[in-house]
Amino acid sequence: MVTVRKRMKAQVEPYGSYDVIVCGGGPAGIAAAYSAALLGVKVVLLEQYGFLGGMATSGLPILTFHNMKGDQIIGGFAQLFVDYLKKLGGTPGHVPLQQGHMKTITPIDPEKVKIAAQELLLEQKVEILHHCLAVEPLLRNNQVKGVFFESKGGRFYLEGKIIIDCTGDADIIAKAGMDFELGDDSGNCQPMTMIFKIDGIDSQKAFQLTDEEIVVNPHPDPHSGFAPIFHITTQFKPWRKIIEKEGLFDGIADHRAWLMCLYQGEMFINTIKIIADSLDPTALSQAEISARREAHQIFQFLRQHVPGFENAHLSLTPVKIGIRESRRIIGDYSLNKEDILLGKKYQDTIAWCGYPIDVHKQDRIDSYFQYVEDQGEYGIPFRCLIPRELENILVAGRSISATHEAMASFRVMAPCMAIGQAAGVASALTVQEGSSSLRKIPVDVLQRTLKEQGAIL
């Protein structure tokens, strides 16, 4: 037996030195890391879990590559990722909807997302540090010189020229002491959710649950294993009295559920809504406990009362609760509700989004949607990615500078990937120019490089 008497402490010397440090390996983070590395700069990605993909590993489909006219408006890394998944048999691609609040969905296999994200980044020589949580930036004047991260080996320091905060909660910006916004005018954020998976379903019976939207597999292939129906929306109308009697969904009979079915016999269910402060450790812990408990209660209800679930089993709950909204940075521009509804375009547009404003209400019952004018899309300005008062850090994902309602549109995965790609390209260009200010990158050069990487602008 060896006795180790080594006290763990923050290292004075950096763990490593990089051109670009990406904090967070969700949809925005993998897009940022890949797109920066594609331009030849040295990139490291810090990820708190042992896999990449973030919410793309939850069972949710990717929303959405198209506007309400059916025009594809997002390409680039996001489309490359889908193409790679398709080769792995992990997605049927973009599937059209006959009705509903979007024109297409892109169902994805969570496990194949993990391997696709990993392999794509390794192809571009991105250094991936798993089980490493970015906890604090080193700030000098208006420059972030690097990031401290926690690991099982202790606290270490990474030195970087450009930092990209893809934590989903603007953690690095907040810990740099910058102001941020939270929730609506009263500080209320959208409810959290926990998606869970049920296996052993009789799909033909279970599909009779449908009383609203339905997404049919347009090219059923018995050899693919894909289900004949990919997505259904229901309010469990035949079982309202049981819901009220058993107190399911707090006894709210009008509660809506979204059911995702990529493969035969399985179903991911998105219906839990937890209202809590995701930045408060006690509240977040209780939210995790409550959501997991509710997942088991809903499963028991389905198994006891709903045809098709008689022999089913609850096979998976996620590694963490899904957070729809938390911090938003205060950037050089703040995208707002009117910008989205009017379909505004900007001189510094770096991505499009055609998904409607989708706010899950505090009453836990429903969502409300507001659509872009003329079924079109709106631009996301580069200025929304740049925090005020800082020069060499960007934010990508749902935490960019925007109002509560604007964020409710671009928070879904495809726009977050497009924003991440723009952040990665801008970071690489800044490094190559020998600059320490992201504001100095010519917008036309950024946009041209994005197009060269397949982005639609």
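1. Val216 stands opposite Ile229 of strand 12. Strand 12 covers residues 229–234 and runs antiparallel to strand 11, with three bridges joining the two. Strands pair if DSSP finds at least two bridges between them. Helices (H or I, at least four residues) and strands (E, at least two) are DSSP runs, numbered from the N terminus.

2. The model is predicted: local features need pLDDT of at least 70, side-chain atom pairs count only at pLDDT 80 or more, and totals for chains, interfaces and linings use all residues. Residues are numbered from 1 along each chain as its sequence is written, and side-chain values use heavy atoms, with hydrogens and water left out.

3. The open sheet has six strands, ordered 11-12-13-14-10-15, with antiparallel pairing. Strand 11 (214–216) and strand 15 (313–316) are the edges; each has a single partner strand, so one side of each lacks a neighbour in the sheet.

4. There are 13 aromatic pairs in the structure. Rings of Phe, Tyr and Trp (its six-membered ring) pair if their centres lie within 6.5 Å; planes under 30 degrees apart are stacked, over 60 edge-to-face, the rest tilted. Tyr34 and Phe77 make a tilted pair, 5.2 Å centre to centre, with 45 degrees between the planes. Tyr34 is in helix 1 (residues 27–37) and Phe77 in helix 2 (residues 76–87), 43 residues apart.

5. Tyr34 is buried at 9% relative accessible area. Phe77 is buried at 2%. Buried means under 20%, exposed over 50%, partly exposed in between (1.4 Å probe, protein chains only).

6. One aromatic cluster is formed by Tyr15, Phe149 and Phe156.
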